[in-house]
Amino acid sequence: MMNVCFQCGMYHADKIIDPTGPFAVCPECGFKHPFRQLPLLIVSGASGAGKSTICQHLTGKVTQAVLLDSDILWRREFDSPETKYREYFELWLRFCKNISQSGRPVVLFGAGAGVPENIEDCIERRYFSNVHYLALVCSDEALSERLQARPIWRGTRDAEYIDGHIRFNHWFKEYDGQPEIERIDTTNILPEETVAQVNSWINQHVGSPDDHRIS
């Protein structure tokens, strides 16, 4: 409940961030709430690129961060492309912010979360020291084969669905903007190798829990 001021009780997601603490400053009464401003790590890519597989392999093995699949909070009412799914991503950032207060940052696995413009403009973005983006990509042929090999109930064998995610895969491969999106090509490497590379990327951006103590 970080958005509720401990002094005046007012709710504000848009608190002013004072980096000297860091503090989340209530715009109503000026109360300074000390908090952990940790990084957020996002592993993304088109459907079939390998996000869920890697998340499964690393969950329970990575202990310096909390790994979460963004699909667990998805509901139909969040399907609002006209707002860039803003309510969904604000919810996720608020969720990750509160988890971070335990002293461990979050690694979020999800497709749309890997598009920086979906995250960087969110009100809740201010509570993270940085957002690091990693995209899993692969060849068109590999992506198509993986999607067609899934069970029928997942609905990923439809040509229109496959074409849409091939275009999304191209977007990640061609992205050359800021903030940077690092990439791992999973086309010709074993899942174990991808797991090792993602694990190395996490270690690169996440310190030990002692690095995130509130003084």
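**View 1. Helix H1 provides the largest share of the lining of the largest pocket, 5 residues.** The model is predicted: local features require pLDDT of at least 70 and side-chain atom pairs pLDDT 80 or more, whereas totals for chains, interfaces and linings use all residues. Residues are numbered from 1 along each chain as its sequence is written, and side-chain values use heavy atoms, without hydrogens and water. H1 (51-58), H2 (86-100), H5 (159-174) and H6 (191-205) each supply at least two lining residues (helices are DSSP runs of H or I, at least four residues, and strands runs of E, at least two, numbered from the N terminus).

**View 2. The largest pocket holds about 1,200 Å³ of space.** Ser47, Asp71, Ala111, Tyr161 and His165 are the closest to its centre among the 38 lining residues. A pocket is an open set of points on a 1 Å grid over the protein atoms alone where a 1.4 Å probe fits, with protein on both sides within 12 Å along at least five of seven lines; lining residues have an atom within 4 Å of a point. The lining comprises 16 nonpolar, 14 polar and 8 charged residues.

**View 3. Three strands form an open sheet in the order S1-S2-S3, with antiparallel pairing.** Strands S1 (16-18) and S3 (32-34) are the edge strands, each pairing on one side only. Pairing requires at least two DSSP bridges between two strands. Neighbouring strands are turned by 30° against each other on average, direction ignored.

**View 4. S1 and strand S2 (residues 23-25) run antiparallel and are joined by 3 bridges.** Ile16 stands opposite Val25 in S2.

How values were computed. Axes are lines fitted to C-alpha atoms, for helices over the stretch in contact, and angles run from 0 to 180 degrees between N-to-C directions. Grid points are joined across faces, edges and corners, and a volume is the space filled by probe spheres set on the points. Ala, Val, Leu, Ile, Met, Phe, Trp, Tyr, Cys and Pro count as nonpolar, Asp, Glu, Lys and Arg as charged, and the others, Gly among them, as polar.
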